[in-house]
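The following exercises are to be worked with the sequence and the coordinates at hand. Each task is followed by its solution in steps.

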Amino acid sequence: MKSDKLFLVIALAASCSHLPEVEVDSLGKGAQIPESLYGVFFEEITGSGDGGLYAEMVRGRGFEEGVIPSGCTLDAAGYAAAPLAPCYSNDSINAFKIPWAEDKDLEAWKVSGAGKWQITDKHPLNGATSHSLELQLEKGAITVENEGYWGMSIKGGECYDLSFYLRSAGVEECSASLIDAEGLELDSHRFETTGDGRWHQYSATFHPSESKDGCSLRLSFPQGGTAWLDFVSLFPESTYKGRSGGLRKDLAELIEDLHPAFVRWPGGCIVEGLTLANRVKWKETLGPVENRPGEYDLWGYRATYGLGYHEFLLFCEDIGSKAMFVCNAGMSCLFRNGDFVMGADLEPFIQDALDAIEYAIGDTDTEWGAKRAAVGHPEPFPLEYVEVGNENVFGRYVQNYNRFYSAIKERYPAIKVVSALMFSKDLEDISGADLIDPHYYEASPWFYDNADVFDKLPDDFPYKVYVGEYAAVDKRCMESALAEAAFLTGVERNSDKVQLVSYAPLMENAHFGRDHMIVFDSGTSYGRSNYQVLKLFAHNKPDYVLPLRINDPEQKVPFTPVGEVSVRENNACVEFNSLDVKNHGDTCTICFKALKKSGLQGWQVVFGQSGEGHCFMADYGSHSNESVLFREVSERGDVSLFDYRNQCPITTGVWHDVKVELAANHWTAWLDGDKVVDYHYLKVKRHYAVAGFKEDSGEIILKIVNGESTPWKFVLNLNTGASKGEIITLAAENGNDENSFEAPEKIAPKAYPFRYKGRKQTMECPANSLTIIKLNTKS
Ligand code: AHR
C-alpha cells in the first residue's frame, strides 16, 4: 500500500536558488482558451457502440452478420471483394478485399437439439433485417442461445426487457430464460405463440435476483412445426437517463465525466468506408431499430447503428456537449478501396450532409426538421460542427471539399466546417475552413519531443486547428499518458491556434485487447491513466493562458550522435549509387544517388547507431511517402520523429540526389539540391508546464508534467503574493503502471489543500506525475 505522502507535491519552506524555476507571469495574458477545447471522438470500433455504449445485450440480434460489406461481392476464394475502381488519391486499382468466413452469421449464437436449422432470407421480417433463423422442429426440440458480447453480465434486482419476433407454422409455444455459465436459470418466461405463418413480436421482462457474469439468453422450442426467429433483443431497464433501448449507464457517465465540450460522430475511417457504398449512411440509422439495416464496420464486425444519428445528438444534448457530425466527402478510405465520385455524382452526397444538418437544427416545417419533431424532438439539437471527410488528401478531395464548404456555408453560415486535411500543401487550394484536422498517432517519445509543435505554428497560419485524433500508441501506461499530457500542455498554451482536441479511439470492449482510453466488459468499466489525464485537463480549463517559462539551463541539452552510418531501403525497392561519406570531425556529410523502383515508401539514412539498438535516421518517404523526417529509435524500439509532415514524396523511377549533413546537433536533409529538413536536436528533460487564469473563480491554474522517473524539485515563482488553493496529483510509482479491472483506480487523482506563501516557493512534483496547482487569488 502506497502512502499518500509519496504523491503529495511537497511545498518546501525555503527557496533554493540553484534549482530550476517555473516562472509564471500571473498578471500577463496569453491565448484565450476556448470553451470548445477538450472534446471526445466517438467511432464504432472495438465494440465501443455495439457491446459498449449501446446497451443492447444480444450480439447478432438480426442474424445479418453474414451479409458482406455494401459494395463488395463474394469471390470464389472466399473474399469480400471491393469493385475494381481507381483510388481517388493516385488512380491505382487497390482491388481491396477482406477474407470472409462462411460461419459469420451465427457467431454469437449456439443452436443445439435434434431438429434442423439454417439462416434464410426466404421470409424476411422486413427489408432491413431480411435474414432469420429457421428452425425445423419436426424431428425434435431446439435451444438457441446467445452469449451476448462475450458473456452477459446480469445484476440481481434489476429488470431486463426481452423482445423477439417469431413466425411459426405449427409451433404453439416457446420459452426464454437467462442462464448462467453453468446453464442454471436466473429467470424464465413461457410464451404461447401464434402459429399463423405471420411475424409476431413477443416480449417479457426478466427479474433475476442473483448477480452473475458470463450469462446467456436461451430460447427453447419444443418439437413440432417450423419457426423463424428474428430480431432478438435484450436491454437492461436501467440505462443512461432511463431511456428504453438506450445507452449503458456506466459508460455514458464515464464520457460525461470528461465534461466534453463536443462529441464527434460517427468516425473515423468508417465515415469513408472500405468501399464508398460501405460508408456510414446516417439516414439508415434513424427510426425503429428493427428497420435499421446496419452495415459491416470496417473495424471487423457488423454495426447495428442502434446508436444512430438521433441517439448521438440526444447524447450530446444530455451531457451538454456540442455535436460534430462527420460526412463522407464522396470518397472511400484510400488505404482500403479508395473509390470515389465527383462532378454531378457528388450532388447526392452534398445534399445528404445538408439533410443531416437540417435534421439536427432545421425548423420543424422543413422535411428533415419535421422528421426530428415527429420522434418527439421539435427543439433543435446542439449541432455546431460538420467535418467533411476523414483523413482525406490531395486534389480530388480538395475539389469535393470546396463544393461541400460553399453549400454548407451558403445555407448554414453558423455551422463550423472542418476540413479533414492535415498540415499539407492541399490547404493552399481550399476555399475556406473553420478548422483543419491533423491526427497524431505516434510513440510516446514523439509526444514528449513535440509538445512544442504548435509553438512553431506561425501566428498567421490561416486555419484554426482541431486535433481530431491523438494517442501515444507505443505503450498503454502512465508513461504514455504523461506523454499525452505533455502534448496537451502545448495544445492548451496554443489554444488560440488549436481550438479543439479529441483523443482516439475513445473506448473498447476488453475482448478486443487494444487498451483504448475507456476499457470495459459486459459489466464493468474503467478509465486508463490517460482518461484521468484528459479529465484533469478538461476539468481544470482556465479562460486564458498565463505566460510561463521553465528556467532550467539543463532542460535542453545539446547532444551529438556518435556511431555507425548506413543506408537502407524502407518498404520499397531502391537502387543506390555513388555513396560518399565524409567525416570532418564535427560534421559528417553523407551523399549518394537513389532510384526508387517500386514500393510505397523510400529509404533511410541511419546514423548514431549504437550497439543497444539506439539510432537516428533521416527517413525519406515516411508516412506512406508523404514526407522526409528525422527519427530516433530508442533501445526499446520506440520510434520518435521530429517536426511535422513536410509533404516531400519520393518519385518512383527517377534518380535522386541525396545529402544528409550532421553537424553536432544540427541536422539537415537534402533532396535533389533542396534542403527539405533543417533540425536542431536537443535532449529534453521530460518537464512540461502550462498556466492559466479562470476569471469567475479568480484562480491561477498550473498544470505540471513530470515524465521523469525521479521527482522534480523546482522553485515556483508566481510573481504574486500569498494565496490558498489546492494541489491535485495524478502519479504512479512506476511509469509502466496502469489501471485495470482489478485496480481501476490505481492511478487516480488525489487532492490536498495548499497555501502558496509567495512570491517564490520551492516545490517537488513526484516522479511520473501530472500535478494541478489551483490558487485562488481572491483569498
Ligand atoms: O481511431 C482509429 C482510426 O484511426 C480512425 O478511424 C481514423 O480516422 C484513424 O486513422
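A crossing of two helices is left-handed if the near helix is turned anticlockwise from the far one by less than a right angle, and right-handed if clockwise. Helices (H or I, at least four residues) and strands (E, at least two) are DSSP runs, numbered from the N terminus. The model is predicted: local features need pLDDT of at least 70, side-chain atom pairs count only at pLDDT 80 or more, and totals for chains, interfaces and linings use all residues. Residues are numbered from 1 along each chain as its sequence is written, and side-chain values use heavy atoms, with hydrogens and water left out.

**Exercise 1.** Describe the packing of H3 against H4, and then that of H4 against H5.

Solution. Step one: axes are lines fitted to C-alpha atoms, for helices over the stretch in contact, and angles run from 0 to 180 degrees between N-to-C directions. Step two: H3 (residues 309-319) and H4 (residues 347-361) have axes 11 Å apart, at an angle of about 45°. Step three: angles under 35 degrees count as roughly parallel, over 145 as roughly antiparallel, 65 to 115 as roughly perpendicular and the rest as oblique; H3 and H4 are therefore oblique to each other. The crossing of H3 past H4 is right-handed. Step four: H4 and H5 (residues 367-374) have axes that come within 7 Å and cross at roughly 45°, and H4 likewise passes H5 in a right-handed crossing.

**Exercise 2.** Identify the residues around the ligand and classify them.

Solution. Step one: a residue is near a molecule if one of its heavy atoms lies within 4 Å of it. The shell consists of Glu 43, Ile 45, Gly 268, Cys 269, Trp 299, Asn 390, Glu 391, Tyr 441, Glu 469, Ala 504 and Pro 505. Step two: Ala, Val, Leu, Ile, Met, Phe, Trp, Tyr, Cys and Pro count as nonpolar, Asp, Glu, Lys and Arg as charged, and the others, Gly among them, as polar. The division is 6 nonpolar, 2 polar and 3 charged.

**Exercise 3.** Which distances separate polar side-chain atoms of Asn 390, Tyr 441 and Glu 469 from ligand oxygen atoms?

Solution. Step one: a polar contact is a pair of N or O atoms within 3.5 Å. Step two: the distance is 3.0 Å for Asn 390, 2.7 Å for Tyr 441 and 2.6 Å for Glu 469. Step three: the ligand alone exposes 280 Å², of which the protein buries 88% (Shrake-Rupley method, 1.4 Å probe).

Conventions:
A polar contact is a pair of N or O atoms within 3.5 Å; within protein, one must be able to donate a hydrogen and the other to accept it, and residues adjacent in sequence count only if both atoms are side-chain atoms.
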